[in-house]
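Please keep the sequence and the model in view while reading.

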Amino acid sequence: MRRFELIVPCHFGMESLLKREIDDLGYDITEVADGRVTFMGDEEALCRANIFLRTGERILVKAGEFQAESFEELFQGTKAIPWEEYIPEDGKFWVAKAASVKSRLFSPSDIQSVMKKAMVERLKGVYHVNWFPEEGAEFPVRVFLLKDRVTVGIDSTGVSLHKRGYRRLTAKAPIAENLAAALIMLTPWNGERVLVDPFCGSGTIPIEAAMMAANMAPGMHRSFTAQSWGHVIPQKVWQDALEEAEDLVDLGVKPDIQGYDIDDEMVSISRANARLAGVEGMIHFQRRGIDQLSHPKKYGFIITNPPYGERLHDKEEMPSLYRMIGEKFRQLDSWSLYLISAYEEAQRDIGRKADRNRKIYNGMMKAYYYQFLGPKPPRERRGTQERV
């Protein structure tokens, strides 16, 4: 099988989680950098990574890496990449995104234009044509410049991996599916413990939790750009990876996962999204405000993405809202609270300093993941048989 170096971008601060996921899939990590993890793998690895990774953004096939301090060096470095190993004569190719940090070349549009011209020149020489129809499979290219070092990747995913395919309807400020999964993975929660999201919005956190409980791969019900790269990855490899994912699903689990929202419409949207995800029977959604938060079981988890007050007219409501969160959490005295928020006075108004917090970017917004840890449940004692 063909070997690739695969680059997986992720949310800043989630690199360790993504690394653990890749390790669990059985692949060798070659680099962990801010906002991305790189590993070695074959065609099967590319397919499995797209289907199984919960916290990644996309899977890029590393095409080349070189130094460039001028557009001439960028052109020549790009032209030297063996694009013909990936892109057929009728392939559609373009530089979909360029990002530059601390580099002499910093204009995304100029970088994209120069690289496209270099790709065309390379392929013209290989295929002996002067014009490309670009009517075939798509090969979007992404490039990162860091301190004049250029890293070039071909996007095998297409629409970002956080788009699982189940969220047709959303709340006003939805949390990305891969970020929701990461927040859950940063807790000790498992499918045998209670999980409540009192600000569930379109249901993303409960749905991601249910998918984890059922061992349901996040990419099972969507398509990927590289599925049309038949000359690079045989269809059977995709089919085998999908069958592996299907074999692992356990729809017989009965987790206690609940999602509340004060808005009836959001509750309806959550139920519709859960149905599309195939986990409707694993989650109880209900119209309920934070002032009604309660649960009879002990040692549960609140994992939530409450309002931040980012809109000016909402800011005055934040102190009372977070005070209510703190009051209801204190009544659940054996529970743990995990809360992501950009509201600066979250800890003050909750009335307790978080045991841990972690800086996370929710989109472009800097937020903190506050972790208020409850007691661990007692271990179950095994019955002993007396000797006669």
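Predicted model: local features only at pLDDT ≥ 70, side-chain atom pairs only at ≥ 80, totals over all residues.

Which residue in β4 is the bridge partner of leucine 6? It is valine 61. Two bridges link β1 with β4, and the two strands are paired in the antiparallel sense. Strand β1, which spans residues 3-9, is also joined to strand β3 (residues 36-42) by seven bridges, again in an antiparallel arrangement. Within β3, arginine 36 stands opposite proline 9. Strand β1 is mostly covered, with five of its seven residues buried.

The axes of α5 (residues 177-185) and α6 (residues 204-213) come within 9 Å and cross at roughly 65 degrees. This crossing of α5 and α6 is right-handed. On the side of α5, the contact is made by Glu177, Ala180, Ala181, Ile184 and Met185; α6 contributes Thr204, Ile205, Glu208, Ala209 and Met212. Sorted by class, the contact of α5 with α6 has seven nonpolar residues, one polar residue and two charged residues.

The next element is an open sheet. Seven strands form this sheet in the order β10-β9-β8-β11-β12-β14-β13, with mixed pairing. Its edge strands are β10 (283-287) and β13 (356-362), each of which pairs on one side only. From one strand to the next, the twist averages 20 degrees. Inside this order, strand β11 (residues 301-304) and strand β12 (residues 336-341) run parallel and are joined by four bridges. Threonine 304 has leucine 339 of β12 opposite. Helix α9, formed by residues 318-331, lies across β11, β12 and β14 (365-372) and runs at about 165 degrees to β12.

The cysteines complete the account. Cysteine 10 counts as buried because its relative accessibility is 8%, below the cut-off of 20%. Cysteine 200 likewise counts as buried, because its relative accessibility is 5%. The count of disulfides comes to zero.

Note on methods: Residues numbered from 1 in each chain as written. Heavy atoms only, no water. Pairing = 2+ DSSP bridges. Axes fitted to C-alpha atoms, helices over the stretch in contact; angles between N-to-C directions. Contact = heavy atoms within 4.5 Å. Disulfide = S-S within 2.5 Å. Buried < 20%, exposed > 50% of the residue type's maximum accessible area, 1.4 Å probe, protein only. Left-handed = near helix turned anticlockwise from the far one by under 90°. Nonpolar A, V, L, I, M, F, W, Y, C, P; charged D, E, K, R; others polar.
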